[in-house]
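Here are my notes on this model, point by point. Please read them with the structure open.

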Amino acid sequence: MRLFEVILIAILLAAAMAQITKSLPSWSRPLTALAVLVALWHVIHEGTHWQMFPALAGLILLVAWQLIPASRRTSRYAAMKKPVAVAAAVFSIATFGMLLIVPMFSLPKPTGTYPVGTRIIYLKDSSRIEDKAEKPGTPRELIVQIWYPADPSNNHLAAYERLSETIPATSYRSVLWTNSREDAPVATQGGPFPVLLFNHAWGGRRTQDTFLTEDLASHGYVVASIDHTYNASRVVLPGDRVIDDINGGDVIDPDLHSASEITATWNKELGKWVADEIFVLNTLQSDDLDQKSPWYGRLNTQRAGALGHSFGGAAAVQLCSVDPRIRSALNMDGWTFGDIRQRAASQPAMFVYGITTSTEQQDSNPVGAEAELDTTDRNEVDASLRQFGGYKVSISRTSHMDFTDHPLVSPWHSWIHPDHISPTRIQTIVRAYVLAFFDQTIRGANPSLLRSGTPSPFQEVQIEHWNPESNQHLLQ
């Protein structure tokens, strides 16, 4: 909950109780007036949202009753004094409860030295025709959000999502502020900055890992997160054209399809995502050469990396096989599709997996198509690591959605999974290993987290390091 929301709820509750209590009625009016001032500040500076509507309604009720002149307060009006105050109190308590269940969460502060800027760009790839578009001949269109190292500025903080990209239930995210400044000037010191391409999960969204993309930008990376149109949960193109996810989960449901059918579906979509990544990287490379572009001279697209969550991780690793500019790739808790053995020895990969608790494993042992996909993926990943090198990082007491912002969205996650490590802990671990991996593979650094023989400082982490040159497989 945000500061003025808490203050407003507390003052409104106090004003309502004062109106009910016989010994404190004189306090109700000044407290109500103070609540009005706080509410105005909240609406103007924080931005209101549906969770606050009960409290605002309670405040309106209280103000309306108190504005009735004393000379007109008949016995009928007087009888409403207590019910109005009780309603305002109930509304304030209801608001507090709603904010506990669906909170205005705070993203963790970036840990790097650079302020973070962000901008959203629209791209059109005229060389590709969108086969899922309603209008024949429509080119492939993309929305890309870029997080980057910025110079200090007073630009407005960016919202977590644009209002047009939300539905009523998630509309509060349009006034949920991130740590990034909208269209802030690109940092003039340091650089050129390496480019990282981020891919969301199947049916995900470009902002789903903002906890990570902001942090990478603060350490001097330019992170371009792609909404893969017709698969992302909701994409808003110019002209207020809304494109929702039309693939759905049924086409990849292991209870409805065989492993071979699911693999064929994923491989077909994988080609589109890889083409999206190449197009975005080409666009940024062109901007870096254009003297009119804010990116002029600030990007290093020849030493780039790719990462993603779930299916997006598969797209990141697959990109290595077709684009030599991608020096390394990272897959966060996703099966790997395509031909991952086509990447070069100079393109190491990291695979990060969540390991659920023993009780959860017993309750959800995969069977059928899911078990077959699990086995195939494990064999392919291990074979790829033996051939080309890289890392496998396993984090205990975590599950698939822990690698996104999802644990922040609602405390339901902690209530359902009380044995899981906290969102703060998992985000600290993920941030540390993702940064260390790209610092090593793109910048040539030697981070202590990835040094052979060095145990992890996180007790939840087990890391395996493959070195094909020495034919070693080390468990740290």
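1. W266 is buried, because its relative accessibility is 7% and the cut-off for buried is under 20%. F337 is buried too, with a relative accessible area of 6%. Bear in mind that this is a predicted model.

2. Where do the aromatic rings meet? A search of the whole structure finds 14 aromatic pairs. The rings of F4 and W41 form a tilted pair, with centres 5.4 Å apart and planes at 35°. F4 belongs to helix α1 (residues 3-20) and W41 to helix α2 (residues 28-46), so this pair ties together parts that are 37 residues apart in sequence. F4 is partly exposed, at 23% relative accessible area. W41 is also partly exposed, at 40%.

3. W266 and F337 make a tilted aromatic pair as well: 4.5 Å centre to centre, with 40° between the planes. This pair links distant parts of the chain, 71 residues apart. W266 sits in helix α7, and F337 in the loop between β10 (326-332) and β11. Both residues belong to one aromatic cluster, together with W202, W273, F311 and W335.

4. A charged side chain also meets a ring. R443 lies over the face of Y221, at 4.0 Å from the ring centre.

5. Is strand β6 (residues 222-227) enclosed or open? Of its 6 residues, 6 are buried, so β6 is largely enclosed by the rest of the structure. V222, A224 and I226 point one way, while V223, S225 and D227 point the other way. In a regular strand, side chains alternate between the two faces of the sheet.

6. β6 has two pairings to check. Strand β2 (residues 139-149) runs antiparallel to β6 and is joined to it by 5 bridges. Here W147 has V223 as its bridge partner. Strand β5 (residues 193-199) pairs with β6 in the parallel sense, over 5 bridges. L197 stands opposite A224 in this case. β5, helix α6 (residues 210-218) and β6 make a right-handed β-α-β unit.

7. Does the length of helix α10 (residues 368-388) agree or disagree with expectation? At 1.5 Å a residue, its 21 residues should span 30 Å, and the end C-alpha atoms are 30 Å apart, which agrees. G389 follows α10 and has a positive phi, near 85°.

8. Several residues of α10 are buried, among them A369, L373, D377, V381 and F388. Which elements cover the buried residues of α10? The cover includes α7 (259-289), β11 (349-355), β12 (390-396) and β13 (461-467).

Terms used
Residues are numbered from 1 along each chain as its sequence is written. This is a predicted model: local features need pLDDT of at least 70, side-chain atom pairs count only at pLDDT 80 or more; totals for chains, interfaces and linings use all residues. Side-chain values use heavy atoms; hydrogens and water are left out. Helices (H or I, at least four residues) and strands (E, at least two) are DSSP runs, numbered from the N terminus. The expected span of a helix is 1.5 Å times one less than its number of residues. Buried means under 20% relative accessible area, exposed over 50%, partly exposed in between (1.4 Å probe, protein chains only). Contact means heavy atoms within 4.5 Å. Two strands pair if DSSP finds at least two bridges between them. A crossover is right-handed if, with the strands pointing away from the viewer, the path from the first strand over the helix to the second runs clockwise. Rings of Phe, Tyr and Trp (its six-membered ring) pair if their centres lie within 6.5 Å; planes under 30 degrees apart count as stacked, over 60 as edge-to-face and the rest as tilted. A charge sits over a ring if NZ of Lys or CZ of Arg is within 6 Å of the ring centre and within 35 degrees of the ring normal.
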